[in-house]
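Welcome, and please take a moment to look over the model shown here. The report that follows walks through a few of its parts, one at a time.

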Amino acid sequence: MTVPREMPEKWPRVPDPGRAEEERRVRANAREYNEKFQYANNCIKTSKYNILTFLPVNLFEQFQEVANTYFLFLLILQLIPQISSLSWFTTIVPLVLVLTITAVKDATDDYFRHKSDNQVNNRQSQVLIGGVLRQEQWMNVRVGDIIKLENNQFVAADLLLLSSSEPHGLCYIETAELDGETNMKVRQAIPVTSELGDISKLALFDGEVICEPPNNKLDKFGGTLYWKENKYPLSNQNMLLRGCVLRNTEWCFGLVVFAGPDTKLMQNSGRTKFKRTSIDRLMNTLVLWIFGFLVCMGVILAIGNAIWEHEVGVCFQIYLPWDEGVHSAFFSGFLSFWSYIIILNTVVPISLYVSVEVIRLGHSYFINWDKKMYCAKRRTPAEARTTTLNEELGQVEYIFSDKTGTLTQNIMVFSKCSVNGHSYGDMQDVLGHKMELGERPEPVDFSFNPLADPGFQFWDPSLLEAVKLGDPHVHEFFRLLSLCHTVMSEEKSEGELYYKAQSPDEGALVTAARNFGFVFRSRTPKTITVQELGQAITYQLLAILDFNNIRKRMSVIVRSPQGKIRLYCKGADTILLERLHPLNQDLTNITTDHLNLLGATAIEDKLQQGVPETIAILTLANIKIWVLTGDKQETAVNIGYSCKMLTDDMTEVFVVTGHTVLEVREELRKAREKMMDGSRSMGNGFSFQEKLSSSKLTSVLEAIAGEYALVINGHSLAHALEADMEVEFLETACACKAVICCRVTPLQKAQVVELVKKYKKAVTLAIGDGANDVSMIKTAHIGVGISGQEGIQAVLASDYSFSQFKFLQRLLLVHGRWSYLRMCKFLCYFFYKNFAFTMVHFWFGFFCGFSAQTVYDQYFITLYNIVYTSLPVLAMGVFDQDVPEQRSMEYPKLYEPGQLNLLFNKREFFICIAQGIYTSVLMFFIPYGVFADATRDDGAQLADYQSFAVTVATSLVIVVSVQIGLDTGFWTAINHFFIWGSLAAYFAILFTMHSDGLFQMFPNQFRFVGNAQNTLAQPTVWLTITLTTVVCIMPVVAFRFLKLDLKPELSDTVRYTQLVRKKQKTQHRCMRRVGRVGSHRSGYAFSHQEGFGELIMSGKNMRLSSLALSSFAPRPSTSWIETLRKKKGSEGSAASSPSAVPDKTLKV
């Protein structure tokens, strides 16, 4: 239907470049007209640089980093002769190296972006120009062009569909690139243009579209087509968006409305929020503290310089005159301050940031290369899509998981049904008892049906018998399943049907009807053809009332060949049962009983392999798992029991279903009271505080006895998430072992994650597989995408991706824990070695008149962090392990130190700093004391500046090398090569720098000529180095030995058990060698094959009770972790936690 149109302006209004576009005007086949609006062309650009802009733009971006700007500032200071004691290259070499590495990385990334852009922009498209179809590159397509698409081609731009090869201007598209959904969708041209299938007619088409400006709303479009004195409304159903793929349609024509960056796909490709780890945030704070410490040291030494120059230096003006421009001791101290800022700047080394990125990159490659996280069936490896969050994988406390496709396979199977009060699908034996799966006979034989799907299986032959006997209710049931749907059928060859369903459950229902003889063959916009028991019948389709989240049902109205009009409806039981006629009450009761018996609909979504075991192991690691699903309560609860989140041993499962604020609040209050009453009845003695401010929110109920679970519906959750109730909801939920939120929207999923992040201050991880999980994945600290049945939208938004939920166990307990351990050990050692290196200058300042003289040779200062000590610490940061991967999976309690942030925090940082300062004191004063009275072999005085510098530098390199050897828990050939190779490199470079050859070529640069050879030839020097090394290292060794013996960590205990196992295994082999006949029992304290399965199914803590742990059992080896956890959980709370009783056995 058309109405007289209002003619648009003949001449366009040229847009003001400073104003946003308010509406878009596009005229078909009129490039000159459209170019006046200066619309974007179809060339996309995701790259950041070109050859000319790369260097200035990249440098500008890099100097946005505070650290790089800081070191540039130091470089400028070093160029000022009055304050610089070091050559400019001591800073510029590391700075240029860092900038170069980062620039190469950025250039590589941008190269691949250029490559991807060129690949897309150079795709070919058929464009109607001058009445002829021409092959044009995508980048040359313009707004207003008419282009032709063919089957399986990508849509080049946002198009208004004009016509297609299908009747009534229909076409079918796949939108996986847009919304992650792999099901086909239907689009239709408006009737007035659907007949424009001929090129000559299209060449004369001059319609004008006036529509909304470019935006990112994928599901909405508003506009009007003006043509031939009439106007026609346009909607999203008339649009083909860029990124879609044309399916099951031979060809179609479309008018380009939005191109390039204006398309909805590109409008939605905004930058994802940058995520930072807790270690990053802590490190930024510590660097600020270190900088403050640096300033304090500079002030102290500057004051010392001013006092020295005023009291002592003034007496030596004849042969130690002040520099030109220095006229007072105060000004000398001012210049000395900046000199010491330059010298002591290595407490914040620039190589720290590069080393962190290199280590994270290595951890990401380990995840990508892990064959145990590779799915051979789908040929999908695990992928670390970011390199900045690896160590946070070792600190996760809350996991938020989708259900369908994440915990389950999202492969729906028709397993049972209820027809006219009769339940089909359960097999019974002669006694009337239900038969288990292993007892079932052969599946139903569908060989009578040549169109049956060979992959379909059903186990109850009585349903097929009812079909063959002509039961009218069964026939009507399967007739509904074959008619009431939006499935598209494709018949590639005779009898080979392929269904494209909007959802897996809809496909399962249509396939079931197909196998039982009601085969959906094809559809047009007005008809549906079904082959019923071999007879083809075409129904006239009068209307489709599609499914949505509000109606929760789908209906079709059809007219049979006999002229009867029927309405068929399917949907959620809660919606349909209330719409039944009162006369059907008895049938309703019987059917409801069957639904309760099944616990789900007739469609079964099976769990993925390994889900129950993974959840049990993660629970033992003190990770709380919340399921956030859009499914109904019954389905979600059944899945909860299937995956062992919910068990019959639980004290109680609370179900919150209130429809008002008061009802929800009351149900949450009752749940908390029951938990408190249960705790008091077991003698815990616990006081509860009803109101708790958000600033003091802690897990008040975590000390309760018993295991509880919480199930809450979406409408109740909407009230629970309100500002005045969110704290109560979170308290209740966090006290439960399992939480299941049903019928939740994507926004509610994100709100739940944000709530936990806001109050619990815990690391959160969200995992899902569909487009509806994207908001949750982006909100959580870590987002994991499952590459499953619902497209790739979740994967594209995620930080990590793999194909099965069970891989999450390995991602966290192995890769995450190792990444956290390695990063913490790296940071502790890095700060230690740099304070040990830098603080020697501070002590030397008191003995050189605060003159800003350096202890070391300037080349040693330059190479210390980038050559002598960089590779060993990188090797430890990339390869180190405390226990093997099998033990990480076997002892989930090993994961807890990361959750409690025990391995690197402010306390550990100050310990490292204290150790570094202690080492620097010994490093300076032991050689200083020895050299005061030492002589050479020839009787000459040994104490000279250059010999002292070589001795201290050599002692430092040896001490830090021995220290990293002590810190390394897992030795590889690379660790050996880097540690001993760095030592060898130090001596090789030292002797080269002090050689006669370099001095003769560059006498002003290499002034320590012959010093290394002369100094290191003296036994006194080596005795001094040995003494310094022993005194620096022995306290560390003694402390670690006492800690291992008196207060071992769980990882220490696990390593000890491993040694005992190896020893017992060796003894067992020796006994067999000497011919002794004995038991073949394993000497392992843990049997992975015999004991692990029982642990998983029981969900209880493992206990080591073998001889291997007997010596450690009486010691509270893990109680300190439990004590710290309780202290962390109860801090600031009014509740008093019960005192922790040391466990006499090891909980794992």
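## Terms and ground rules

Two strands pair if DSSP finds at least two bridges between them. Helices (H or I, at least four residues) and strands (E, at least two) are DSSP runs, numbered from the N terminus.

This is a predicted model, in which local features need pLDDT of at least 70 and side-chain atom pairs count only at pLDDT 80 or more, while totals for chains, interfaces and linings use all residues. Residues are numbered from 1 along each chain as its sequence is written, and side-chain values use heavy atoms, with hydrogens and water left out.

## Strands β23, β24 and β25

Let us begin with β24, which covers residues 535-545. One partner is β25 (residues 553-559); the two strands pair in the antiparallel sense over five bridges. Within this pairing, Ala543 has Ile557 of β25 as its bridge partner.

The other pairing to visit is with β23 (residues 527-532), which runs antiparallel to β24 and is joined to it by six bridges. Here Gln531 stands opposite Ala536 of β24. Two residues lie between β23 and β24, which form a hairpin, and Leu533 in the turn has a positive phi of about 50 degrees.

## A sheet of six strands

Next comes an open sheet of six strands with antiparallel pairing, in the order β4-β3-β5-β14-β6-β12. Its edge strands are β4 (132-137) and β12 (239-240), each pairing on one side only.

At the β4 end, six bridges connect β4 with β3 (residues 124-129), and these two strands run antiparallel. Ile129 has Val132 in β4 as its bridge partner. As background, side chains in a regular strand alternate between the two faces of the sheet.

## Where two helices cross

How are two packed helices described? By the angle between their axes and the distance between the axes. Axes are lines fitted to C-alpha atoms, for helices over the stretch in contact, and angles run from 0 to 180 degrees between N-to-C directions. The axes of α9 (residues 278-311) and α30 (residues 906-933) come within 11 Å and cross at roughly 40 degrees. That makes α9 oblique to α30, since angles under 35 degrees count as roughly parallel, over 145 as roughly antiparallel, 65 to 115 as roughly perpendicular and the rest as oblique.

Which residues make the contact (heavy atoms within 4.5 Å)? From α9 come Leu282, Leu286, Trp289 and Ile290, and from α30 come Lys906, Phe909 and Phe910. By class, this contact of α9 with α30 has six nonpolar, no polar and one charged residues. Ala, Val, Leu, Ile, Met, Phe, Trp, Tyr, Cys and Pro count as nonpolar, Asp, Glu, Lys and Arg as charged, and the others, Gly among them, as polar.

## Buried places

Buried means under 20% relative accessible area, exposed over 50%, and partly exposed in between (1.4 Å probe, protein chains only). In helix α21 (residues 726-734), nine of the nine residues are buried, so α21 is largely enclosed by the rest of the structure. Among them are Glu726, Phe729 and Cys734.

Thr614 sits in helix α17 (residues 611-620) and is buried, with a relative accessible area of 1%. Not counting residues up to four places away in sequence, Thr614 touches Phe805, Lys806 and Gln809.

## A loop with positive phi values

Finally, look at the loop between α25 (807-845) and α26 (858-868), where Phe850 is found. Phe850 is not a glycine, yet has a positive phi of about 55 degrees; its relative accessible area of 10% makes it buried. Ala852 is placed in the loop between α25 and α26 as well. Phi of Ala852 is near 65 degrees, a positive value in a residue other than glycine, and Ala852 is buried, with a relative accessible area of 3%.

Definitions and conventions:
Contact = heavy atoms within 4.5 Å.
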